[in-house]
Amino acid sequence: MARRVAITGCGVVTPAGCELELFWDSLMRGECMLKPLRTFAFRDFDSLIGGEVTLPDADFLPASIDTDRYRARCLELALAATRRAVAQAALPFDLAFRERTGAVIGTTLGEERQVGDLSDRWGTVGEGAIDAGFLARSDSHRLASVAAERYGLGGPVVLSAAACSSGNAAIATAYDLIQMGAADCMIAGAADTLVRSIYCGFFRMGALSKTVCRPYDKNRDGVSFGEGAGVLVLEDFESARKRGARIYAEVAGFGVSNDAHHITAPDPSGNGFMRAIKQALATTGTALEAVDYVSAHGTGTQYSDLCEVRALYAIFGERAKSIPMSSIKSMIGHTNGAASAIEAVACVMAMTHQAVPPTVNVTEQDPECVIDCVPGRGRAAKVGTCLNLSAGFGGFNACVVLRGVS
Amino acid sequence: MSTLSAPVAITGVGVLTPLGDTPDLVFSALCEGRTSLSPAAEYGGIGLAAIADFEATKYANVRNLRMYNRTTRLAICAAKLALTEARIDPATLPPEELGLLMASTYGHLDVLIEYDRSLVANGVQRTNGALMPLAIPSAPGAMVALAFGAKAFSMTLSDGGSSSLDAMGLAARWLADGRARACLVVSAFSASPDIVRVVSRAGMLAPTGAVHPFDVRGSGTGVGEAAVAFVLERSQDASARGAVSRGYVCGYGATFASRPGEHAGALQRAAKEALGSAGRSVDDLALVSAGASGVRALDSVEGRALSAVLGSRAAQVPVMAVKGALGETLDASGSLQVLAALVALEKRTVPPIVGLGEPEVQGLSYSTQQASAREGAALVTALSRDGACSAIVLSGAGREGAAR
Amino acid sequence: MEDELRQIIAKIAETSADFSADADLREDLDVDSHRAVELVFEIERVFDIKIPVTRFDELRTLKKAVALVTSLKGAR
């Protein structure tokens with residue numbers, strides 16, 4: 001018999017804040033948190049715009065986790081969001097519970113700065129820059145295993161790497177591990193830092209915005225980046241009920257597809273996105289009319305935004321004009337692998353508050369993207385079911401279906 | 001509660017190793033007690049193995065092959081071999097019905113190191129931006145999916161030694177849920193000079209190049225190179241199209257040891273879960289294909305866990321381990337263990353553990369010379385330094401899911 | 001210089017070097033956007049120039065590429 005999967009806790013660390021209500025208020029006010037970067041710079045860029053996270057001291061990692069030379073920023077973000085989600089879920093943590101609890105974390109590049117550190121010192125120190133800890137620190141799985149260690153978890157611990165779909169990939173994998181009976185509770189989320197290799201790569205591809213990202217705007221010119229992490233606690237419904245947990249929402253299921261079209265660009269017809277959404281709706285028994293909000297991938301590139309809109313129309317027909325579909329990347333930037341995890345949390349907030357967050361920086365909407373992108377400020381809305389969309393390099397598309405609970 | 005709702009058929013296998021590029025060649029080499037590892041003077045004498053004269057175009061000729069690093073090219077070639085054996089191509093299976101799960105933790109790392117190093121040394125303008133999409137952990141898998149039009153899904157698991165077993169477990173689930181009619185599970189590991197140094201500095205390698213799995217002399221492992229691919233399908237889909245199955249994935253379990261003293265217990269739980277979800281007990285086991293690599297601390301954990309799992313059957317169930325012959329191949333290692341187990345079940349033969357002299361954990365029936373095996377199922381176990389443990393139960397062809 | 005450009009394009013397009021100077025790189029030679037990034041890098045490196053993003057379109061054919069490189073080298 002299929003198990004239902006409840007969401008009993010959420011946590012985010014984002015450029016719009018690290019506490020759920022503050023994060024939500026900032027989104028709803030339409031505050032764009034993309035600013036000149038203070039803590040991140042690269043010599044070839046005079047000024048970089050992006051979204052940075054200000055972590056409270058309590059979340060800084062002790063020196064024992066890493067070397068004195070370099071802080072493990074991605075791990076820091078992942079653990080900070082995990083701590084908040086676990087606290088909200090008020091997990092029991094007796095041995096029996098812990099043994100049946102695992103973690104799936106997703107990331108685009110993990111602790112890329114370990115490699116950055118290596119490159120910075122290669123010129124002077126060469127091979128000597130590789131120390132005994134490099135292998136472990138550059139292992140992305142560490143994001144999941146350190147969290148698992150910290151909470152004494154005994155269930156499956158997995159790292160899902162799916163580029164910009166990593167967050168949804170982690171949620172889908174965690175959902176299925178609970179469905180398979182491999183665990184009763186899973187910590188599921190994703191984290192990514194600001195990464196110079198990604199900034200540089202996008203710049204060279206002509207996909208980095210010169211100002212700020214403007215999803216669905218006629219003059220949108222590419223992405224803006226942010227750093228952050230989003231984590232949810234997923235639990236078998238019955239177990240959650242039995243222990244008296246507060247259930248915020250439900251992961252009803254998901255759909256996946258792969259464009260397999262091009263190394264970076266999506267299938268322009270939107271067919272990939274469409275298949276993922278279709279599978280999500282079909283496998284969760286979600287009627288078209290039941291969808292109240294779509295958290296878009298919405299990166300702000302000409303082709304990707306259009307693709308997504310095409311997929312929406314292919315599924316919903318004329319209704320695509322009026323289903324609220326917004327991109328919070330317009331406010332916190334594209335946080336790479338973390339994006340769809342943070343956006344899943346935003347969906348939970350939308351269902352909790354019965355409101356939809358906006359897309360900002362839209363001055364003139366693209367006439368080819370005729371959708372209700374909730375421009376400018378968030379607004380109250382009936383939100384019962386959300387679709388959380390993501391697309392990753394190479395074309396892995398994921399659509400996670402989140403449902404409110406009465 | 002069952003982790004796998006039904007056994008999943010393995011209808012195609014592709015493999016590239018220094019000991020051969022077919023399952024039979026690799027298995028023969030294992031039976032002969034050969035090793036691919038030899039001391040590499042340029043790295044201070046650690047054991048290293050590499051596929052000689054690897055020419056990707058011999059196996060597959062796909063677009064952009066020249067852009068891809070060695071690991072990705074190996075993965076593509078293994079996938080091609082598996083698809084060919086399974087007789088799967090766009091004419092026989094719509095691309096939307098083919099999915100891919102990739103086991104890769106470090107397959108992108110050499111590209112990332114090269115790319116970032118160039119950014120620092122030469123600046124953005126003089127760095128090849130086309131490398132960036134290839135410098136992320138999901139890249140090798142995405143490129144394999146692109147090469148073969150796997151349009152159902154394409155995701156990478158980066159769980160080190162557990163990756164390929166976890167990928168098999170998840171593939172079985174996604175197939176059962178109808179997300180694809182066939183799924184490629186691909187894993188690859190290839191160490192560039194930087195990666196060899198990285199692994200070497202981590203203190204995992206035997207300084208003299210001699211690798212002794214399960215042995216009291218175990219002082220570390222050696223660096224191998226391999227790519228393995230499987231085509232998995234639901235049994236009924238395989239039968240319906242007349243595909244020949246090499247064997248079945250019947251059970252899966254994955255756990256984590258968050259405290260040092262809990263490691264053997266965690267692996268034991270993973271193995272028990274795998275057996276339970278396969279509807280099997282240790283009485284059904286013909287053999288164990290272990291992950292022992294010569295890293296003594298981990299090998300002794302595995303030995304103790306297997307002892308506990310096998311209990312009174314320990315003397316009857318032979319334990320084989322391939323890493324003395326093939327070295328440590330991280331993400332590909334679980335797949336190599338599965339491959340060796342599949343052929344062992346098929347040929348009813350257990351190859352010897354290369355490099356094992358005096359076992360540390362007593363009571364297990366370590367395979368020290370080629371011997372015949374009974375019919376039955378195989379338990380495959382993997383564990384890594386960070387605490388992740390995974391296990392798979394396989395059955396041979398013709399024993400589709402037959403539980404007691 | 002035209003021959004050098006021809007060789008670079010042929011290598012990146014994974015095709016033989018005897019294509020027409022008017023052949024469209026994207027439509028006829030399968031130089032997609034990813035290969036185009038590589039192409040820009042190679043041309044900039046070999047000819048020691050910087051191609052402004054606004055002029056990437058001028059790499060549509062070999063003939064136009066020759067004109068572009070000539071003008072950028074002449075401008076230095």
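Predicted model: local features only at pLDDT ≥ 70, side-chain atom pairs only at ≥ 80, totals over all residues.
**Conventions.** I number residues from 1 along each chain as its sequence is written, letter chains from A and number ligands from 1 in the order in which they are written.

**Chain A.** I looked up the secondary structure and found 13 helices and 15 strands in chain A; helices (H or I, at least four residues) and strands (E, at least two) are DSSP runs, numbered from the N terminus. I then looked up the extent: the C-alpha trace of chain A spans about 60 × 55 × 40 Å along its principal axes.

I find 66% of the 406 residues of chain A buried. Buried means 20 or more other C-beta atoms within 10 Å of the residue's own, exposed 12 or fewer, and partly exposed in between, with C-beta atoms placed from the backbone. Of the contacts in chain A with a separation of 6 or more, 79% join residues 24 or more positions apart; a contact is a pair of C-beta atoms, placed from the backbone, within 7 Å.

**Chain A against chain B.** I get 66 residues of chain A in contact with 59 residues of chain B. Elements of chain A that give two or more residues to this side include α4 (112-125), α7 (166-179) and α10 (271-284). The chain A side divides into 30 nonpolar, 25 polar and 11 charged residues. Here Ala, Val, Leu, Ile, Met, Phe, Trp, Tyr, Cys and Pro count as nonpolar, Asp, Glu, Lys and Arg as charged, and the others, Gly among them, as polar.

I also checked β5(A): two bridges join β5(A) to strand β5 (residues 153-157) of chain B, and the two run antiparallel. Strands pair if DSSP finds at least two bridges between them. Ser160(A) has Leu157(B) as its bridge partner.

**Core.** The largest nonpolar core has 330 residues, a core being a set of buried Ala, Val, Leu, Ile, Met, Phe, Trp, Tyr and Cys residues joined through C-beta atoms within 7 Å. Helix α13 (residues 339-353) of chain A gives the largest share of this core, 11 residues. Leu232(B) is among the residues with the most contacts inside the core; the residues Leu232(B) touches include Val8(B), Met168(B) and Val249(B), not counting those up to four places away in sequence.

Conventions. Contact = placed C-beta atoms within 7 Å.
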